[in-house]
2 protein chains.
Amino acid sequence: LSAQPPPITEDELDALRQVGRKWATAMDGRRRLPLDPTLRRRPEPPRPSRFGRFAPVEMFRPEAPDELVATESAVVPESSLGRALTGLRRVILGPPLDSAAVVHERMRKLVALPVLSADLLSSVAYGPEAMLGVLVLGGSAALGLSLPIAAVLVALMIAVGVSYRQTLRAYPHGAGSYIVAGDNLGARSGLAAAAGLMMDYVLTVSVSVSAGTDAITSALPMLHPWVRVIGPGMILVLLAGNLRGVRAAGNLFAAPTYAFVLAIALLLAFGIGQAGARGFVAVPPPPIPATEGIGILLVLRAFTSGASSMTGIEAVSNAVPVFQPVEWRNARTTLTWMISLLVVMFAGLTMLIHFDGVVPRPNQTVLSQLAHRTFPGGPVYGFIQASTALILLFAANTAFNDFPRLLFYLARDRYAPRGFLRIGDRLAFSNGIIVLGVVAAVIFVAFGGRTESLVPLYAVGVFLAFTLSQAGMVVHWWRRRGARWAHSLVLNALGALLSALVLVTAAVTKFTGGAWVVVLAIPLLILMASRIRRHYDIVHAALSVRPVSAVLPAPSRAAVTDPEHAATPQQVRHLIVVPVVRLDLGALRALAYAASLGQPLFAVHISTEEQEAQWFRQQWDAWGDHLRLEIIVSPYRAVVAPLAHYLKALRTLRPDLTLTVILPEIVVRHWWHQALHTHTALRLRRAFRPIPSVVITSVPIHVPDSAVQPSGRA
Amino acid sequence: LSAQPPPITEDELDALRQVGRKWATAMDGRRRLPLDPTLRRRPEPPRPSRFGRFAPVEMFRPEAPDELVATESAVVPESSLGRALTGLRRVILGPPLDSAAVVHERMRKLVALPVLSADLLSSVAYGPEAMLGVLVLGGSAALGLSLPIAAVLVALMIAVGVSYRQTLRAYPHGAGSYIVAGDNLGARSGLAAAAGLMMDYVLTVSVSVSAGTDAITSALPMLHPWVRVIGPGMILVLLAGNLRGVRAAGNLFAAPTYAFVLAIALLLAFGIGQAGARGFVAVPPPPIPATEGIGILLVLRAFTSGASSMTGIEAVSNAVPVFQPVEWRNARTTLTWMISLLVVMFAGLTMLIHFDGVVPRPNQTVLSQLAHRTFPGGPVYGFIQASTALILLFAANTAFNDFPRLLFYLARDRYAPRGFLRIGDRLAFSNGIIVLGVVAAVIFVAFGGRTESLVPLYAVGVFLAFTLSQAGMVVHWWRRRGARWAHSLVLNALGALLSALVLVTAAVTKFTGGAWVVVLAIPLLILMASRIRRHYDIVHAALSVRPVSAVLPAPSRAAVTDPEHAATPQQVRHLIVVPVVRLDLGALRALAYAASLGQPLFAVHISTEEQEAQWFRQQWDAWGDHLRLEIIVSPYRAVVAPLAHYLKALRTLRPDLTLTVILPEIVVRHWWHQALHTHTALRLRRAFRPIPSVVITSVPIHVPDSAVQPSGRA
């Protein structure tokens, strides 16, 4: 997982060699430099800079003959604003980490299990409740359907789990849906799986945070009005933590999951024990009037809502390489444990809900109600709620690891902006982390932090990824036909089929309930990714080096070369243009710089009135008219557009020339002084950028803070 | 009134001549250019560009031997966004106007009177009401005080008017308070007067618009809930109209004022006629309980509120040059008429209010009540309200002429940002107009469009300007002591004294009522103006040309020259640095460009890992290692800051060198593609800008919209 550039092909090296041969003649004996770029030969000992900090020379440590290593002090910008921001960031996120600090730790199964299953197991905190929340619309009578639906869900869990077991064996280096689907079904399917997973990760954060907030407010109802603060606050903590690149020991991450498993085990043991004491007679739920008829649609909706308990099942498949060897075998065992735990917890909770006659209530989660009944007002109740909130937070944290990694893979394949390749100074994929945090917070706020509104969006993305990944495995087994391929193919096909059924059911029955957002967003994401890839391909083609002969057909002037393809010094034919407003030191310096380059040059002055042109010519003549001067009178007082058009006109006359525009530019020390300058240089640069073969040179003049004698500065 | 640069002093020309002499040796016989910059010698007839528009060559018309004139088509930017914005602006504001279209029209007195007095006379629409609004706090009994207060105000009007008459004679070229106070009392007093006037202009717009809205809603009460839309809407219309640079005939501008004078004349004639029919017995006002005791403070507050009727008296003094000759004499006559009209209207309305027993009411102006009583429900009532609204709109329009002109004067004296010198493409001072419109709208909205809340802010700024301008005149007469100086001095001293009294009274009695805003803002504006002047003076000093000998003490290397003061080509000593990320066409082009300049150069590669450095060296060696390469390993993965520090380190080694950094830069065609690039070139440019003596060159590579064969483009 590194932003390493792709290996260089032999073709590329050949093209470089060919181009390089033409350079040899141009560069003979031109290696003499007026200073030593390794900074070794110093004329005098370096003085500390004005803040008593490192002198710039000392920020670099010589390494190989032509190599320097930048020390940590070289990372801090020089400007006071930049230094302040860097300082602030370091207080929050910690000092930057050396690339060498990346460690690839391996996890034992007993550590991997809790770390990887936080997302999956935490789902039982809201999955059964989401199912009941739909059923209750059919009145108290419909609640009885929860047991058969749960039975079907358990079967589905086992089938998908078994199916994933096959995947782990085939992709020991990481079996993310994006890779598996992309490998076997084509790039577009991979993108679809990635889009589904991205939606999944975003919703994991939103849903886990909202369910975690529910767990807290169920225990402490006075916090209820603060839901819209607690939720984004939790996301902010996760964001900051992940930007810090928390790499705390796996042991620490194991605790919340084990605590939650213990909490649910206690709840189930005592709860079912109490039910047994009553002779397993179910407490009838309070009478609730039906607002909807009990039909197949209601059952299917309840089923897909319950299926949200399965989110997070794919976590192991992404993480195979972190297991101890034999990786895939250990991962498979862990997966089996995870599924078993999930099945026991999910089935047990559904049964307990049934025995206790609990129904969803607005301000208290079903889990909290169960805990209340079983351990009325005791510390065990507090423990159950706290461990629920904690595991949900850790589940959200999982998404903060997976989402940026997925974006990294996409960016590496040029399907996502290159910025997601960047590893921040804390060795985290900062950009992906920030995007996830912001989008999840926006969704949380947009849905008012209501778990029941967020869950319907969930199933579509997850089951799309499941389906594509497992369908990809079917193709994989069919193509390879290695050992036991038929057995694996059948299991994966079953998994794919069941997942696809859930996917279609969820998309259809939940469409108006919110799933339309996801159904719409996924194709949009795929389209966007393809467009991004197309753009990068064009850029790559435009920037790839071709042998010189292909670029320069003949050395004749008749066949005009595009100066933007000049890859050797001989191909560059210069003309320098210096726009001048008045003949002050800035302008003279730009002219002196231009003239010292020894290439053909002329000056352009743009006047808004004939009178101003004469005023300028008076200065110009006093100076001695040493250069060709062209005056453009612009009676409509525009400066930028006419100059741009003039450059284009010059280009029409001689498209083979590289036009260099040299702009004097005033640099002020403080940003608040910038409002006092008209930024003509900036506006010119912006207008000239789109013109082909125009090179723009800024010759800055730095304005001091106070009027000093210039000869006093050295 | 033109943005003409100041005349060039002989010293400046001398410095240019001295610098120029050094150039002569450098530039011998270097005037040959590879093309004709006058665009005359064309290799082929120009083809129209892809939109069937002008080819760039045709946008310029040759004028003098070395001079081109940009036609209107050269003003339109090439980019589609720029073209769309320009098109939109032209639809709203009209096509650009040629500088030659400026005409300086002269006005007859009968035209000048209404045009210049709109601001002054419109004040009677809210002045008497503002006075009553304060008195009524003392209960019905206090209303009787309106007559003596009005009498004092009339005396004040006459005194200030007579005082201004003296000013016109002395400053026939325009006697704005900023100029008169600055000339005679020093720059700081001029700034104080300018600050007062600026507050006055802003408030004129806000108050006139709010009073105009009142006039409309009094007649059409159903519009009352829309006040917060109507007001900003009116300001928007004024803004757009003034940005169009409406130069409609004075005759048109005369109509509203005459209509308003006629309306008030009708009202007074019929109203006082009706009162006479009743035997001049005043109708007792409705009984109103007092909320405040009748004391000196209440009277003074009522007085200063009534004094808001005098705003606009200074309009003639700014406009002396627009009169027909003899300008100052005609201006003085016009001023006398204006004051007479004001006195008659103000006194008449106050009396009529007294006779009719009218008191301020929330949803109907006093003027509307008077009109209702005198002409119940007739067309004359409608005429009075309409002409009131109209003259108030024109009064606001006056500020849109005066405020930008004042800012222009300030900017010319370097007390305001240079942007206010700019004359827009409709020959209007667009920036000043926009600032006024925005600030006035913000104030209007902040005060909820309530005239009675805005009026207390008014008097301080106006009377500060009055006081300073007339105190300035006292000094003027004392210094000159020409004909009739003592007479003028006494009159001006009286005016200054009375104005100062009103100023102090207003500042003290209204301080808590809103005047504190103005009392605070004026010193802040003065401070800001001084700081701006200081910055411009520093810039001016930094950019002024000094004779070469002063810059370059000796041609020895030991005495290090600051490269930022190199005003001749001989002084420039080059070192070119080319940062390279990978060896693609963009990098090769930048290297080829750099090498073709024939100056010492080397390449820098920055790697985040040792491994990446090796990858790069593989490319570099394949190419042939034609240049010195320096590799910087940045283990903290920062690129921008270490490169900036490296440049600073090079500068420490050889402060006499001009370092040119050549950056390859990808230019994409659409802004939405920009998110896909990391903009390293842009960030580097921003980091390098503050480093002295570093020249930054962008060598762009333009990415096409689709992957074309590059050799197919010519």
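**Reading the interface of chains A and B**

Guide: Strand β7 (residues 694–702) of chain A and strand β7 (residues 694–702) of chain B run antiparallel and are joined by three bridges; strands are DSSP runs of E with at least two residues, numbered from the N terminus, and two of them pair if DSSP finds at least two bridges between them. The model is predicted, with local features needing pLDDT of at least 70 and side-chain atom pairs pLDDT 80 or more, while totals for chains, interfaces and linings use all residues. Residues are numbered from 1 along each chain as written, chains are lettered from A in the order written, and side-chain values use heavy atoms, without hydrogens or water.

Visitor: What is the area buried between chain A and chain B?

Guide: The size of an interface is often given as the accessible area lost when the parts come together. Here the buried area (accessible area, 1.4 Å probe, lost on putting two parts together, summed over both) is about 15200 Å², of which carbon and sulfur atoms give 62%.

Visitor: How many salt bridges does the rule find across the interface of chain A and chain B?

Guide: Side chains of opposite charge can pair when their charged atoms come close. The rule, a side-chain nitrogen of Lys or Arg within 4 Å of a carboxyl oxygen of Asp or Glu, finds six across this interface, and one salt bridge joins A:R628 and B:D66 at 3.5 Å, N to O.

Visitor: How far apart are the closest N and O atoms of B:D356 and B:R278?

Guide: In this salt bridge they are 3.5 Å apart. B:D356 counts as buried at 4% relative accessibility, whereas B:R278 is partly exposed at 34%, buried meaning under 20%, exposed over 50% and partly exposed in between (1.4 Å probe, protein chains only).

Methods: Helix = DSSP H or I, 4+ residues; strand = E, 2+ residues; numbered from the N terminus.
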